[in-house]
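Please open the model in a viewer and keep the selection tool at hand. The stops below are given in the order in which they may be selected.

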Amino acid sequence: VESHPSRGTRHIGVDGDGDGDGGGRPVFFPLAFPSRPTSRGDPRRRCESSASRNGLPPSRGTPHSHWDRIPRPEESMASRRGPRPAGTDGSDHQYRMVIESKYHKVSDTKKRMRTLIVLQAAYYACFFAWNCWIPMSEGKTPATVVSVMPIVGFLALVAGRRGVGAGSERTNKTALAAYILLSAVGFALAVMNAYVMQTMVHYAHSYAARFGTIMDAVFGLPQDLMQAFGQIIEGMLHASGMLLQGLGAYVAVTLWTMTGAQAKRS
């Protein structure tokens with residue numbers, strides 16, 4: 001038996017049975033595969049094998065052998081986002097730096113307030129269009145509350161936008177307090193407007209009845225159907241006005257309280 005480091009293990013025999021293969025010369029019978037895979041078929045792999053035997057790195061563009069694809073211990077310990085820093089095995093994630101929950105709450109509250117400001121702007125636009133279009137279509141002057149409520153709403157939107165800030169800008173507590181006050185005033189005006197329109201105004205003079213008359217005269221649509229549709233629109237305006245003003249004041253008070261608590265801790 002002969003062992004060779006590059007050719008593997010072979011069995012040496014003598015030709016003594018007269019089979020005609022060389023007259024007694026040694027015959028080699030391979031009993032094991034080479035210790036490393038051969039590369040007879042592909043010239044690129046032959047070049048790579050030759051380079052690896054000579055201690056040279058494989059050339060660029062040639063495929064690596066399967067021995068090069070075995071992950072090293074430090075590579076197998078790497079995380080999905082890249083190698084871990086030295087001195088840690090990834091089990092200390094609970095003690096790393098994290099953002100406190102109070103800052104997440106402030107950020108979420110600011111997002112809610114920005115959404116409410118946009119909805120309030122849409123509400124005041126619809127309120128102004130509804131309460132101005134009907135009287136002006138009849139050649140009349142809109143009611144006083146129609147001009148007062150949009151002015152209060154506009155001032156509240158400006159104060160709220162400045163109070164909540166843009167992006168990561170810090171909260172302005174003075175502007176936030178002004179927004180709370182103006183939202184409370186807007187809520188009171190919305191309640192008063194709904195009470196007056198539903199209890200002190202005769203149905204024949206209400207906006208819903210006048211809306212049906214206008215749609216019948218201008219477009220020829222059924223008056224009863226348009227009056228019912230007008231009642232739905234007016235009810236939605238009253239409900240959304242009270243709801244948005246109340247929610248805006250509540251969220252602003254919550255944000256103001258969080259900002260004051262953070263200022264005391266710092």
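**Helix 4 and its surface**

Select V158, which lies in helix 4 (residues 144-164); helices are DSSP runs of H or I with at least four residues, strands are runs of E with at least two, and both are numbered from the N terminus. The model is predicted: local features need pLDDT of at least 70, side-chain atom pairs count only at pLDDT 80 or more, and totals for chains, interfaces and linings use all residues. Residues are numbered from 1 along each chain as its sequence is written, and side-chain values use heavy atoms, with hydrogens and water left out.

V158 has 45% relative accessibility and therefore counts as partly exposed. The classes are buried (under 20% relative accessible area), exposed (over 50%) and partly exposed in between, with a 1.4 Å probe and protein chains only.

Is T171 buried or exposed? T171 is buried, because its relative accessible area is 16%. Its side chain makes a polar contact with the side chain of K110 at 3.4 Å; here, that term means a pair of N or O atoms within 3.5 Å, one able to donate a hydrogen and the other to accept it, and residues adjacent in sequence count only if both atoms are side-chain atoms. Leaving aside residues up to four places away in sequence, T171 touches K110, G163, L176, L255 and T259, where contact means heavy atoms within 4.5 Å.

**Helix 5**

Select N172, which caps the N-terminal end of helix 5 through a side-chain oxygen 3.2 Å from the backbone nitrogen of T174. Finish at G186, also in helix 5, which is buried with a relative accessible area of 2%. The C-alpha atoms of G186 and G153 are separated by 6.6 Å, although these residues are 33 apart along the chain. Y124, M149, V152 and Q245 are touched by G186, again not counting residues up to four places away in sequence.
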